[in-house]
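Welcome! Have a look at the structure below, and then we can go through some questions about it together.

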Amino acid sequence: MLLINNLSFFRDDNLIFENLNLSLGDGQITQIRGKNGSGKTTFLKVILNLLKAKTGEIFWEGQNVKKNIFNFYNQITYIADHNTSTRKLSVLDNIKFWKGLSSSNLKDDGTLSLLETFNLKKYLNTETMYLSSGEVKKLELLRLILEQKKIWILDEPYNHLDNLSIEILNQTFVDHANNDGIILFASHYNPTVSNLEIFEFN
């Protein structure tokens, strides 16, 4: 279980959020909803220890993540609201980089199957800079499967996706949850996902 306990965050002297609590168990899909500027992205970054909370603690499997941060990171795939793919590398080279970084065991035929699912196989040797925003987004989302992590944390994963890609992402979420994965994402889009839990962010 991932347990967020009493988190508060200030930027300079401005309170962004205060005393937030959230528990995420195996098989749980949770969406953070809130207005622009309410602090959703900041909340995700605090959970990931990319920003330092003013108060509160985060526990993974009963242990404070600060005491075992590398084990915690080894369990997480984080898809940010900005692109992390290297623009001058091809689709294939970006995938090879991500697989190597995460020590992924996914076979080449599994990788090709993913590319076909997201209609990216034809761009295998194309540099990422020449892809559309939607195609780049789909490439980023391939990391969810490539990296084979238990916890998925995503910021605005539905941006730039067409209807078919949205359906694929929804099913990918459900499949991961059915395999005891944990998913936390912030989005303005309201997807149709079974057993979706909502965390209102004001």
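**Rings and strands**

In this predicted model, Phe9, Phe17, Phe43, Phe199 and Phe201 form a cluster linked by ring pairs.

Q: What makes Phe17 and Phe201 an edge-to-face pair?
A: Rings pair if their centres lie within 6.5 Å, and planes over 60 degrees apart count as edge-to-face. The centres of Phe17 and Phe201 are 5.9 Å apart and their planes stand at 80 degrees, so the pair is edge-to-face. The structure holds 12 aromatic pairs.

Q: Why does the pair of Phe17 and Phe201 tie together parts that are apart in sequence?
A: Phe17 belongs to strand 2 (residues 14–24) and Phe201 to strand 9, so the pair joins parts 184 residues apart in sequence. Both Phe17 and Phe201 are buried.

Q: How do you know that strand 7 and strand 8 pair?
A: Pairing takes at least two bridges between the strands. Strand 7 (residues 151–155) and strand 8 (residues 182–186) have five bridges, in the parallel sense. Leu154 stands opposite Phe185 in strand 8.

Q: What makes strand 6 and strand 9 edge strands?
A: The open sheet has five strands in the order 6-7-8-3-9, with parallel pairing. Strand 6 (76–79) and strand 9 (196–201) each pair on one side only, so they are the edge strands.

Q: Why is the charged end of Arg143 said to sit over the ring of Trp98?
A: One requirement is that CZ of Arg is within 6 Å of the ring centre. The charged end of Arg143 is 5.8 Å from the centre of the Trp98 ring, and it sits over that ring.

Note on methods:
Residues numbered from 1 in each chain as written. Predicted model: local features only at pLDDT ≥ 70, side-chain atom pairs only at ≥ 80, totals over all residues. Heavy atoms only, no water. Helix = DSSP H or I, 4+ residues; strand = E, 2+ residues; numbered from the N terminus. Phe/Tyr/Trp six-rings, centres within 6.5 Å; stacked < 30°, edge-to-face > 60°. Buried < 20%, exposed > 50% of the residue type's maximum accessible area, 1.4 Å probe, protein only. Lys NZ or Arg CZ within 6 Å of the ring centre and 35° of its normal.
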